[in-house]
Amino acid sequence: MAEKLKYACIGAGGIADKKHLNEYSKRDSVEVAAICDSNIAAAERLAQKYNVKNIFTDYNEMFDKLKLDFISVCTPNYLHAPITISALKKGISVHCEKPLAINAEEAQEIVDAKNKYKGKVMVALNNRFTAESAFVKSCVEKGMFGEIYHAKCGWRRRNGIPGKGVWFTDKKLSGGGALIDLGVHYLDLVMYFMGYPQVVSVSGATYSKFANSDNRLRAGYKNNGDGKFDVEDMAIGHLRTDSNATVNFEFSWASNIEKEVKYYELMGTKGGVSFVNGELKLYSEIFDTSINILPDVSSNRKVVSEFDHFIDCIINDKEPDSKPEQGAALMKIIDAAYKSSELMREISL
Ligand SMILES: NC(=O)c1ccc[n+]([C@@H]2O[C@H](COP(=O)([O-])OP(=O)(O)OC[C@H]3O[C@@H](n4cnc5c(N)ncnc54)[C@H](O)[C@@H]3O)[C@@H](O)[C@H]2O)c1
């Protein structure tokens, strides 16, 4: 077998453990050479769990000392751009957690760096890498829905604020609240299915109704008491594309609803699709009769994981499916929604 790809994970928190280290450490083609976290105890904990030799607290020092092929960026959002750009300058490929950056400007700087230096960048938009998403994408590409002229998406939690006092609720560190955190996933899905059309206008409204509430019930996880909370707990919005297709969206960390829901709907001239809390349904018509289709995708489709996909891209010099340009397009939409809320008017792009 060819030499293994030398890999390191930066940020040794929740997603590094649950996904990146857990997955990459199982691949024969990858050597997990190091873990880097500014909190040495966090790095040590995962180094022990995954049997990793090298620990760093400074990612630039790690880039200088080890000849890495690729890294994962699993840090708070404000570090995604500086770490990714620094890695690209050293020729290191980057699997960057979502969102790509805290705003469109920094996301564009990543795209520019990727175009300038050697090295690939993939945004961890993991909801694309499921049997349902792969099936819906192939239905769209085969024209099953006709022209998709409207989509809806949302992820609404009843009690799921990531907790006051952690970086998620501090705008400087996170870039925003429910929209940037949950919204990137489902906005990406509908934009991906629609072929990432040019967005020409965005209208949005954000709310922060539970930030100063003492109600501990609202905190879903990582609650850390009374820290900073200057981001939205709910965002809703609407965007229009250059062909007059539209998307409505709604995302919340906390709201007075019955229960959590994650969903998207695509409406096309020949058919439609809904995906609600994991349940996929297709709608069309035949012989003047409406039909509903319940695809059994899980047993019939082999799904390539985002981790295998990125390894394949690095080894075989392919462009990742989940592109930084698309991560940057999402950040433009998100920035515009925040601006629209602040100015209380639609924003043209
Ligand atoms: N794809 C998904 O479904 C998904 C799910 C959860 C989180 N995420 C994303 O993953 C990223 C991390 O989230 P998390 O929940 O794991 O956060 P976390 O707070 O659990 O972990 C972040 C880690 O980064 C470390 N860190 C902070 N500054 C650092 C620095 N300068 N150098 C190195 N390490 C540093 C922290 O010490 C911490 O251990 C975020 O961007 C988040 O949006 C994605």
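How many salt bridges does the rule find across the interface of domain 1 and domain 2? The rule finds two, a salt bridge being a side-chain nitrogen of Lys or Arg within 4 Å of a carboxyl oxygen of Asp or Glu.

1. Basis. This is a predicted model, in which local features need pLDDT of at least 70 and side-chain atom pairs count only at pLDDT 80 or more, while totals for chains, interfaces and linings use all residues. Residues are numbered from 1 along each chain as its sequence is written, and side-chain values use heavy atoms, with hydrogens and water left out.

2. Domains. The assignment, automatic or from a database, gives domain 1 as 5–126 + 306–322 and domain 2 as 128–302 + 331–348. Taken over C-alpha atoms, their centres are 26 Å apart. Their contact (heavy atoms within 4.5 Å) takes 18 residues from domain 1 and 17 residues from domain 2.

3. Buried area. Between domain 1 and domain 2 about 1,600 Å² is buried, 61% of it from carbon and sulfur atoms; this is the accessible area (1.4 Å probe) that two parts lose on being put together, summed over both. Of the area that domain 1 buries against domain 2, Lys98, Leu125 and Asn126 supply 32%, more than any other three residues.

4. A salt bridge. Asp321 and Arg128 form a salt bridge, and their closest N and O atoms are 3.9 Å apart.

5. A cis peptide bond. Lys98 is joined to Pro99 by a cis peptide bond with omega about -10 degrees. Pro99 lies in the loop between strand S5 (93–97) and H5. Helices (H or I, at least four residues) and strands (E, at least two) are DSSP runs, numbered from the N terminus.

6. Two helices. H4 (residues 80–89) and H5 (residues 104–116) pack at about 10 degrees, with axes 9 Å apart. Axes are lines fitted to C-alpha atoms over the stretch in contact, and angles run from 0 to 180 degrees between N-to-C directions. H4 and H5 are therefore roughly parallel (angles under 35 degrees). Residues in the contact include Ile85 and Leu88 of H4 and Ile110 and Ala113 of H5.

Definitions and conventions: Angles under 35 degrees count as roughly parallel, over 145 as roughly antiparallel, 65 to 115 as roughly perpendicular and the rest as oblique.
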